[in-house]
Amino acid sequence: MDRSPLKVFIADDSQPVADMLTELLSAPGRIEVVGTGATEDAAIASIRQMKPDVVVLDLQLKTGSGTNVIRAVRASRDLAGTKLMVASNHTAPQLKAGCLELGADGYYDKIKELGALAACLGELADAKQKKR
């Protein structure tokens, strides 16, 4: 069994929101937030370097966009196993559908569905620890 925690990277333009997500999603021994980034370039570079299991991603970044991060991660063969979870205040159905079509694995309303996002990461952490 793999006892290493689920590694999560958070990409959000707001540091207070990134801090809140870190607090909400972290679970000692199960889920570890390994980094945060506020811009498209910083997020892509960090994801390539850290190779997290999951990226929690806002669509609006300080520079660039979350959709470009999705494209970059999905274009990289060595990041094929990385799960991309969008957490956004933008909840238009067509935006959600577009992100899922680009390769996001989930799309959560940052106001109403953070509990569901945390539950999803808990399930991924359990699945990771059951492997091997």
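The legends below describe close-up views of a predicted model.

Residues are numbered from 1 along each chain as its sequence is written. In this predicted model, local features need pLDDT of at least 70, side-chain atom pairs count only at pLDDT 80 or more, and totals for chains, interfaces and linings use all residues, while side-chain values use heavy atoms, with hydrogens and water left out.

View 1. Helices (H or I, at least four residues) and strands (E, at least two) are DSSP runs, numbered from the N terminus. Two strands pair if DSSP finds at least two bridges between them. Strand 1 is joined to strand 3 (residues 54-57) by four bridges, and Ile10 has Val56 as its bridge partner in strand 3.

**View 2. Asp12 sits in the loop between strand 1 (6-11) and helix 1 (15-25).** Asp12 counts as buried because its relative accessibility is 4%; buried means under 20% relative accessible area, exposed over 50%, and partly exposed in between (1.4 Å probe, protein chains only). The side chain of Asp12 reaches the backbone nitrogen of Ser14 at 2.9 Å. Beyond its neighbours within four places in sequence, Asp12 is in contact with residues including Val17, Gly37 and Leu61.

**View 3. Asp12 and Lys110 form a salt bridge, with their closest N and O atoms 2.7 Å apart.** The pair links distant parts of the chain, 98 residues apart, with Lys110 in the loop between strand 5 and helix 5 (114-130). In a salt bridge, a side-chain nitrogen of Lys or Arg is within 4 Å of a carboxyl oxygen of Asp or Glu. Both Asp12 and Lys110 are buried. Asp12, Asp58 and Lys110 are linked in a network of salt bridges.

**View 4. Arg30 forms a salt bridge with Asp126.** Their closest N and O atoms are 2.7 Å apart. Arg30 lies in the loop between helix 1 and strand 2 and Asp126 in helix 5, so the pair ties together parts 96 residues apart in sequence. Arg30 is partly exposed, with a relative accessible area of 29%.

Technical notes
Polar contact = N/O pair within 3.5 Å; in protein donor to acceptor, adjacent residues only side chain to side chain. Contact = heavy atoms within 4.5 Å.
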